[in-house]
Every structure is written in C-alpha cells, then in structure tokens.
Amino acid sequence: MPRASTFAILALALLALPFVLYSAGFGLAGLTRDLSSETRLFTTPLPNALIFTHMATGAVATLLAPFQLIERIRVRRPRLHRRLGYVTLIASAITGLAGLSYIALSGTIGGPLMSAGFALYGALLIIAAANTVYHALDKNRAAHRAWALRLTVLAIGSFLYRLHYWVWYAATGGIGSTEAFTGPFDLFNFVGFYLPYLIALELYLRRERAA
Ligand code: HEM
C-alpha cells in the first residue's frame, strides 16, 4: 500500500506538471527557433543559449527531485534511483550555472534585488545537488536525506515562485505587485519562493534530530 507521503509527492508533481511542460516547451522552442517577436528573453546567441537551456534542464530538475523522494522506488528500484539521481544532479547543476551566467550577462527584469535573490537561489541549488550526491556516495544516509529534501525544496522553488503569484493575484488582484516588480509582494517573492520553505525544513530537521 503506497504511503501518504507518496500521494503527497504525486499530488505536488501533478500540480507542478503544467509549469514543467511550459518550461520544457519554452526552453526547447528558444533553443531551436527565433522567438524574438514572442518574448523579450530572446536576444543574442549567448544569453539565449543560457536562459533557454536553463528552462529545459530546470523542467527536468523540477520533475525529478520530488520523484526521487518516493520511498517505494528508492527501496525497490535502487539502481533507477541512483541513475535518476545523477540526472537530477546534472540538470540542477546546468540550471544553476546557466541561470547564474544569464544573470551576470543580462540581469533580470526586476533589477539588482531580483538578480541577487535569484543568484542566491541558483547557488543554493548547485550546493544542494552536489551535497545530495556527495553524501550518497559517502553512504551517509542521514546527510543524504537532509540534502535531498533541501534540493527538492529548491528544485520546486521556481514553480512555487509562479504559484505565489497565481494565488496572490487570485486572492488580492495583485496588491503590492507592479509590472516593474517593485511592489512589496514582488520584493518578498524575490526570496520568498525558497527561503521560508528552507527555514521551515531546517526547523523540522532540527526537531527530528532532537527527538
Ligand atoms: C529549478 C528549475 C527552474 C525552472 C523550471 C525555471 C524556469 C524558468 C522559466 C520558464 C522562465 C521564463 C519566465 C517565465 O515565463 O515565467 C525563467 C526565467 C528565469 N529564470 Fe528560471 N527556472 C529554474 C531555475 C532557475 C535558477 C536556479 C535561476 C538562477 C540561477 C533562474 C534564473 C532565471 C532568470 C534570471 C530568469 C529571467 C528573469 C527575467 O524575466 O528577467 N532560474 N525560468
């Protein structure tokens, strides 16, 4: 009988699926044809390669990181878990590196504060992916699990960023959010899509260790 956590993970993956498909499709389209009339993100070859590659690999990381948490697959199909683990690492590393390089070259629509929030996000994603694999190879189960949970929070962060906007606009019509990303809600969401969740996870892990 699948555990409740399996259902929770599958529900999360289902919720994130439209964004994953959108991101993968947008990324592949930007890498294969001229989108200059459709999006301001399509500019010159290097930034294009970086931003659209990060969308395609980001979609893979968003999909695979939660999938890796499913206990049934980890226990019964360890080889699949290991292989997909490497794919998740590579996808996360490329997403983080391409995103960071794009920010360094072109900045972001929201300016320096958004760039800083997203750059920290990219750096944390790379650190979490590297540590997850390192502790798996080191056979340190507790550390591997803790880093895998951090990685999952970060990998779905990009989806949560959009989810926050959808929920906020549906609930308030967009109070505190402007087109130039200068409202208090925009400022909060520059880090609000991953920092509060990471802090909550750290508190949970600390309580678990204490118990
Ligand atoms: C984790 C998976 C990720 C996915 C699936 C993803 C997906 C996307 C998508 C689809 C866009 C296009 C904007 C839109 O249509 O909403 C975008 C924009 C962007 N992403 Fe990501 N992303 C991910 C992670 C990251 C990371 C780690 C960074 C930073 C290192 C980053 C930096 C950016 C930047 C700078 C933009 C352009 C912002 C602007 O409009 O100026 N992304 N991303």
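Mentor: Helices (H or I, at least four residues) and strands (E, at least two) are DSSP runs, numbered from the N terminus. With those labels, H1, H2, H4, H5 and H7 each supply at least two residues of the shell around the ligand. This is a predicted model, in which local features need pLDDT of at least 70 and side-chain atom pairs count only at pLDDT 80 or more, while totals for chains, interfaces and linings use all residues. Residues are numbered from 1 along each chain as its sequence is written, and side-chain values use heavy atoms, with hydrogens and water left out.

A residue is near a molecule if one of its heavy atoms lies within 4 Å of it. The shell around the ligand has 27 residues, and the closest are Tyr22, Arg40, His54, Ile109 and Arg162. For classes, Ala, Val, Leu, Ile, Met, Phe, Trp, Tyr, Cys and Pro count as nonpolar, Asp, Glu, Lys and Arg as charged, and the others, Gly among them, as polar. On that basis the shell divides into 15 nonpolar, 10 polar and 2 charged residues.

Next come the polar contacts, a polar contact being a pair of N or O atoms within 3.5 Å; within protein, one must be able to donate a hydrogen and the other to accept it, and residues adjacent in sequence count only if both atoms are side-chain atoms. The side chain of Tyr22 has an N or O atom 2.3 Å from an oxygen atom of the ligand. Arg162 places a polar side-chain atom 3.0 Å from an oxygen atom of the ligand. For Ser158, the side-chain N or O atom is 3.2 Å from a nitrogen atom of the ligand.

Now the space itself. Rolling a probe the size of a water molecule over the atoms shows where empty space is left. The search uses a 1 Å grid over the protein atoms alone: a cavity is a set of points where a 1.4 Å probe fits but cannot get out, a pocket is an open set with protein on both sides within 12 Å along at least five of seven lines, and lining residues have an atom within 4 Å of a point. Grid points are joined across faces, edges and corners, and a volume is the space filled by probe spheres set on the points. A molecule sits in a cavity or pocket if more than half of its atoms lie within 2 Å of its grid points.

By that rule the ligand sits in the second largest pocket, which holds about 980 Å³ of space. Its lining has 38 residues, with Ile51, His54, Phe118, Ser158 and Arg162 nearest the centre. H1, H2, H4, H5, H6 and helix H7 (157-172) each give two or more residues to this lining. The classes there are 24 nonpolar, 12 polar and 2 charged.

The largest pocket has a volume of about 1200 Å³. It is lined by 38 residues, of which Gln68, Arg74, His81, His144 and Ala148 are the closest to its centre. Two or more lining residues come from each of helix H1 (4-32), helix H2 (45-67), helix H3 (71-76), helix H4 (78-106), helix H5 (112-137) and helix H6 (141-155). H6 gives the most, with 9 residues. By class, this lining has 21 nonpolar, 10 polar and 7 charged residues.

H6 also holds Thr152, whose side chain reaches the backbone oxygen of Ala148 at 2.8 Å. Buried means under 20% relative accessible area, exposed over 50%, and partly exposed in between (1.4 Å probe, protein chains only). Thr152 has a relative accessible area of 7%, so it is buried.

The structure holds 1 cavity of 30 Å³ or more, and the largest cavity has a volume of about 30 Å³. Leu12, Ala13, Ala16, Val20, Thr62, Leu63, Pro66 and Ile156 line the largest cavity. The cavity lining has 7 nonpolar, 1 polar and no charged residues. Ala16, one of the lining residues, is in helix H1 and is buried, with a relative accessible area of 5%.
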